[in-house]
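Here's a quick briefing to read with the structure open beside you. Take it topic by topic and find each residue as you go.

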Amino acid sequence: MHVVLSLEAGSKSDYNVTAHRALTELERTTKLVQQLESVEHEYESIINKLPRDCSQIERMRTAGTANQPGDGGLYLIAPAEQHHPLMTQCFGEWTTVQRRQDGTVDFNRSWEEYAQGFGTPAGEFWIGNQALHHLTQDNCSRLRIVMQDIYDNTWFADYGTFRIDSRDAGFRLDLGVYSGNASDAFEYQNHMQFSAIDVDRDISNTHCAGNYEGGWWFSHCQHANLNGRYNLGLTWFDASRNEWIAVKSSHMMIARRPECEANVTELPAVEAVEQQPAAVTSGFGVSTPAAVSRKDDTSRQQGTTTAPTFS
């Protein structure tokens, strides 16, 4: 009987120890979950306070509620429905989404890499198709493309409407209302899905992204391609002269259409994430002083002639 009671007492003691350990572990897990939820809430709060694009930053600067160091400043933005911030370079209201200037970044990348983005905002850069979709999904964006050819001529292509569809829709291109001096070469690839080295969604018998070594909205294959292999595949077809423009550098930017801004609610004051260095390199390889007069427009800050403006 004594032995049996001792065994029962030992079993109860072991059970109590095990139960205590389980309770302690549960408490630790619960506390950790609460801490993670708190961090997540703080993170979301920070994201929600970030401007969605450079157009919003420019409006806030004009209203005196944003500290903008001048054109070429680097900013964290959070496009609608994008749950993580990204950095871009602002030129007034224009958000940089692509830049080619010296071939230092490899643009022959996978479809997923193009979805996420790569490069650096002040250098060669692709903002990412997912970000492009979030920035343009409300159909309130316009596109400006500034190019320089190998003879140092400057070309502009402005599109009054610009939208990139969702991932499920293949990041399909939708643009229109062209103006500029470069010819409407992009229309040839309008409504096409995005292709890359590992995903062929063009309508050609050949693999355009593979041939030109870069992801783009290819058709049969292209009249415009600014993401091809540097010194080989950067092209734009000028229909007015029936000639190809040999592109040396390109800068693609988007901004909000003025008619979409009437009922926009401004965010709290924001400051630049990173102050502009003494000089930054524009899309044309031209050094731009840190303090640029606000009277200069995007193209003049890059050492070019004045770009066409939207009416």
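**Glutamate 124 and its neighbours**

The side chain of glutamate 124 reaches the backbone nitrogen of threonine 104, at a distance of 3.2 Å. Keep in mind that you're looking at a predicted model. That contact is a handy way in, so let's start there and then look at the rest of the chain.

- To find glutamate 124, look in the loop between strand E5 (118-119) and strand E6 (125-126).
- Is glutamate 124 buried or exposed? It's buried: the relative accessible area of glutamate 124 is 2%, and the cut-off for buried is under 20%.
- Leaving out residues up to four places away in sequence, glutamate 124 touches a run of residues including Arg99, Arg100, Gln101, Asp102, Gly103, Thr104 and Val105, and it also touches Tyr230.
- Glycine 103 is 21 residues from glutamate 124 along the chain, but their C-alpha atoms are separated by 7.6 Å.

**The chain as a whole**

- The protein chain has six helices and 15 strands.
- Of its 311 residues, 46% are buried.
- Take the contacts between residues at least 6 apart in sequence: 59% of them join residues at least 24 apart.
- The chain exposes about 15,300 Å², and carbon and sulfur atoms supply 52% of that.

**The nonpolar cores**

- The largest nonpolar core has 52 residues, and the members that touch the most other members are Trp126, Leu143, Ile145, Phe186, Trp217 and Trp236.
- Strand E8 (residues 154-164) gives the most to this core, with five residues.
- What does phenylalanine 186 touch, not counting residues up to four places away in sequence? Its contacts include Leu143, Ile145, Tyr159, Trp216, Trp217 and Trp236.
- There's also a second, separate core of six residues, and among them are Phe91, Val146, Phe156 and Met253.

**A buried helix**

- Seven of the eight residues of helix H4 (residues 129-136) are buried, so the rest of the structure largely encloses this helix.
- The buried ones are Asn129, Ala131, Leu132, His133, His134, Leu135 and Thr136.

**Aspartate 149, a buried charge**

- You'll find aspartate 149 in strand E7 (residues 141-149).
- Aspartate 149 is buried but has no salt bridge. The nearest side chain of opposite charge belongs to arginine 241, 5.9 Å away, so that pair falls outside the 4 Å cut-off for a salt bridge.
- What the aspartate 149 side chain does reach is backbone: the nitrogen of aspartate 152 at 3.0 Å and the nitrogen of asparagine 153 at 2.8 Å.
- Further along the sequence, not counting residues up to four places away, aspartate 149 touches Trp155, Ile245, Ala246, Val247 and Lys248.

- The peptide bond from histidine 220 to cysteine 221 is cis, with omega near -25 degrees. Cysteine 221 lies in the loop between helix H5 (208-212) and strand E10 (224-225).
- Valine 177 isn't a glycine, yet its phi is positive, near 60 degrees. Valine 177 is in strand E9 (residues 173-180), and at 60% relative accessibility it counts as exposed.
- Asparagine 242 also has a positive phi without being a glycine, at about 55 degrees. Asparagine 242 is in the loop between strand E11 (235-238) and strand E12 (243-256), and its 59% relative accessibility makes it exposed.

Methods: Residues are numbered from 1 along each chain as its sequence is written. This is a predicted model: local features need pLDDT of at least 70, side-chain atom pairs count only at pLDDT 80 or more; totals for chains, interfaces and linings use all residues. Side-chain values use heavy atoms; hydrogens and water are left out. Buried means under 20% relative accessible area, exposed over 50%, partly exposed in between (1.4 Å probe, protein chains only). Helices (H or I, at least four residues) and strands (E, at least two) are DSSP runs, numbered from the N terminus. Lys and Arg count as positive and Asp and Glu as negative; His and the chain ends are not counted. A polar contact is a pair of N or O atoms within 3.5 Å; within protein, one must be able to donate a hydrogen and the other to accept it, and residues adjacent in sequence count only if both atoms are side-chain atoms. Contact means heavy atoms within 4.5 Å. Accessible areas come from the Shrake-Rupley method with a 1.4 Å probe; for residues, only the protein chains shown count as cover. A nonpolar core is a set of buried Ala, Val, Leu, Ile, Met, Phe, Trp, Tyr and Cys residues joined through side-chain atoms within 4.5 Å.
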